[in-house]
Structures are given as structure tokens and as C-alpha cells.
Amino acid sequence: MKFERVIAPVFGLANLATILAHGPPQPAAALVRREALVVEAAKAYSSCAKKLKSREANDRRDAKTQSFVNSYLESRGLEPSFDKRIDSANATCVLAPEEVEGPYYVSGELIRNDIREKQAGIDLLLDVQLLNVHTCEPLKNVLVDFWSCNSTGVYGGIGIENTLGLTFLRGLVKSDNDGVVQVLTKVPGWYTGRAQHIHVKAHVNYTIANNTVQGGSVVHTGQLYLNQSILSEINVLAPYSADPNPFTLNSADFIFTGEANATAGYDAYIHVTKTGKTLSDGLLGKITLALDPNKAATPVDMGGPGGNFTGWPPGANFTGFPPGFSGFPTGSPPARPTTTTKKA
């Protein structure tokens, strides 16, 4: 099983990236603590990684992926003939106990495996497997929060976006006995200063009330990306081509490139393939997350009200802002027009 590209982010320049659309970073002491957690997790993971070579476990995941895709195709009246089976051994494994949460997280969203809500854009069948970083065994009954902007860069549930009370592209899914989480969402658009990305947050020791998560703790907060080559095909198509915001490549995104520059072999890309003949038939995205279920994650401080920026952390190597940067944001981006769906 190929997991050479395990990601163990170093929180240096990557977390300075929060200044663009995500506020300033946490103090140096907090960054040092997170770095120590990453090192500890990497050591634990390396001691059990051989367990990941199980062909039986890979076959089970691939069978679930095939069923997920074919059920989706059948629901759209397309031929349910997806049998390529994206090998689970090649799905990138992300070892990252904490990352940037961003200013657009909304708690109390619904537990559901389809979060599209009639939003325009290309369907993304996201298939995520969760592993215990200490044992490399699947993590079951973890609730994973997903949220992203829509095809024109707008988040649901945000007052300044004129979407307060709306739930599009937000929801939680519980991992099964194989640690697999499957959610039907949309390929996101982009907004000022950020490449296209999807946010994730993993909850454990929770209770469920009114189909929402209550209490518990968060053991992972992160962001996932799509390869630029597939995005280049997508972004020239409607409705993505109507996104009014300045475009940012993965290679120019502060958060993504900061991690890549700081961490050898960094690769936060979802492994993407077409489910049919065309992009409009939908995309399958697979990734594996290695988590520590016993460590509560502390997302990077977003600054603003309650923020506590005390200076650049040691080793940040900050050499200046990118061309066109005009200053720090004071909050969420200004409202932009969008087609929304009312909350049920």
C-alpha cells in the first residue's frame, strides 16, 4: 500500500496564511505546541503503517466506493457502470491533527450525506477514510463536518454573505465500521485570496439531538484541495466562469503553499476521477485522514474579535505579501450575489 506521501504539516509560514481571508495566526507558543503534536503523531503513525498493506481492507473500501458512485449514477438516470475502482492504496493519507478553520464555520448543521441543496455546479462524491494514527485501524462513529463555498465563492449560513439561515454545502456524516465517510457535495468556487478548497472537522465523544451534533471534542480541523489540472477544466464552465472574485491558483494560495514549502512531500490533494464520460457526470474524490482520537485539536486563531496576534512565529521566514495584497481583512468578505436555497 502506497502511503509515502503522508502529510505532517509544520505550522510556520502556513499559518501566516491566515492573514488572507482568515485573519492573523496564533502566538508562537501555540504554534510550537501544534508542531509538537504533529511530530508525536508522525512517530505513532510510522510504527503501525504496515497494517495499511491489507488488501482485504482496501478491497472493502473500493467496493464501498463503487457502490457509492453507481448508486449516484443510477439516481441521475446514467448507466451505473463505474468499475475502475480507484485503488485505496493510492489515496493520499493526510496526517494533520489541526489546521486553519477559517471564518465561515457554523456549528449545529444537519447530519446528512447529501449537502448540495440544488446548488449549481459539478457534483463531487467525496469518499474519506479515517484511521487511528496510533493503530492504523479504522475510526468508526466519527462525525465529520464538511463545508465549502458555492460555485461563485459564497458560503451559506453567513450574515455578511446574505445567506444567514441557509445550509447549502454544509453537513455532517458519520464514519462506518471501516472508517469510511461518503458525502455528496459540489466542487467549490473561489473567493479573494484563497484557492478552491473544502473544510473538514472531525467530532468524537458527541451526542446527537435533533439530527445535529452536541458536545464532544474536535480531533481534526483541516482543508482539502483539488488538483489544478482538473480545476482548469472545471473553471471555464458555467457557473464557475461567472465567479466574480479574483482567482487564486493552488500554487499561489498562502495556506497551501506555506505547508508545501515547510513540509517535504506535502500533498493535500483529493484523488479525483470522473465517474462517467464527462465532468457533468460528476467527480469522485478519495482521501484518507490519519487522526488521533484522543487529542483535541485547536484550530488556528482567526484574529479579529478575541484574536491574539503577538508577532510572527520563529522560523516563519516571512518575506512579504503577494502582489496585489492591499491589507488585512477586518472580517468576512463583502456580500456577493448568489442563488440560495432556504433552510428547511
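What follows is a tour that starts with confidence, moves on to strands and cores, and ends in the loops.

**Before you click**

This is a predicted model, so local features here need pLDDT of at least 70 and side-chain atom pairs count only at pLDDT 80 or more, while totals for chains, interfaces and linings use all residues. Residues are numbered from 1 along each chain as its sequence is written, and side-chain values use heavy atoms, with hydrogens and water left out.

**Stop 1: colour by confidence**

Colour by pLDDT, the predictor's confidence in each residue, from 0 to 100. The chain averages 75, and 62% of the residues score at least 70. Now select residues 1-27: pLDDT stays under 50 there, and the model gives this stretch 121 contacts beyond four places in sequence (contact means heavy atoms within 4.5 Å). Then pick residues 300-344, where pLDDT is also below 50; this stretch has 86 contacts beyond near neighbours in sequence.

**Stop 2: the four-strand sheet**

Switch to cartoon. Helices (H or I, at least four residues) and strands (E, at least two) are DSSP runs, numbered from the N terminus. Select β4, β3, β6 and β9: in that order they form an open sheet with antiparallel pairing (two strands pair if DSSP finds at least two bridges between them). β4 and β9 are the edge strands, each pairing on one side only. Direction ignored, neighbouring strands of this sheet are turned by 20° against each other on average (axes are lines fitted to C-alpha atoms, for helices over the stretch in contact, and angles run from 0 to 180 degrees between N-to-C directions). Zoom in on β3 and β6, joined by five bridges, and find leucine 143, whose bridge partner in β6 is histidine 203.

**Stop 3: β2 against β5**

Next, show β2 and β5, an antiparallel pair with seven bridges. Valine 128 has valine 181 of β5 as its bridge partner. How many of the seven residues of strand β5 are buried? Six are, so β5 (residues 180-186) is largely enclosed by the rest of the structure. Buried means under 20% relative accessible area, exposed over 50%, and partly exposed in between (1.4 Å probe, protein chains only).

**Stop 4: the nonpolar cores**

A nonpolar core is a set of buried Ala, Val, Leu, Ile, Met, Phe, Trp, Tyr and Cys residues joined through side-chain atoms within 4.5 Å. The largest one has 32 residues, and those touching the most other members are Leu126, Val128, Leu130, Phe146, Val187, Ile234 and Leu283. Two or more residues each come from β2, β3, β5, β6, β9, α4 and β11. Apart from this core lies another, of eight residues, including Tyr72, Leu73, Leu125 and Leu284. Now centre on leucine 126: leaving aside neighbours within four places in sequence, its contacts include Phe68, Phe146, Val181 and Ile270.

**Stop 5: loops worth a click**

- Glutamate 117 sits in the loop between β1 and β2. Its phi is near 50°, positive in a residue other than glycine, and at 17% relative accessibility it counts as buried.
- Glutamine 119 is in the loop between β1 and β2 too. Its side chain makes a 3.1 Å polar contact with that of asparagine 150 (a pair of N or O atoms within 3.5 Å; within protein, one must be able to donate a hydrogen and the other to accept it, and residues adjacent in sequence count only if both atoms are side-chain atoms).
- Leucine 169, between β3 and β4, has a positive phi near 60° and is buried at 0% relative accessibility.
- Proline 239 lies between α4 and α5; the peptide bond to it from alanine 238 is cis, with omega near 5°.
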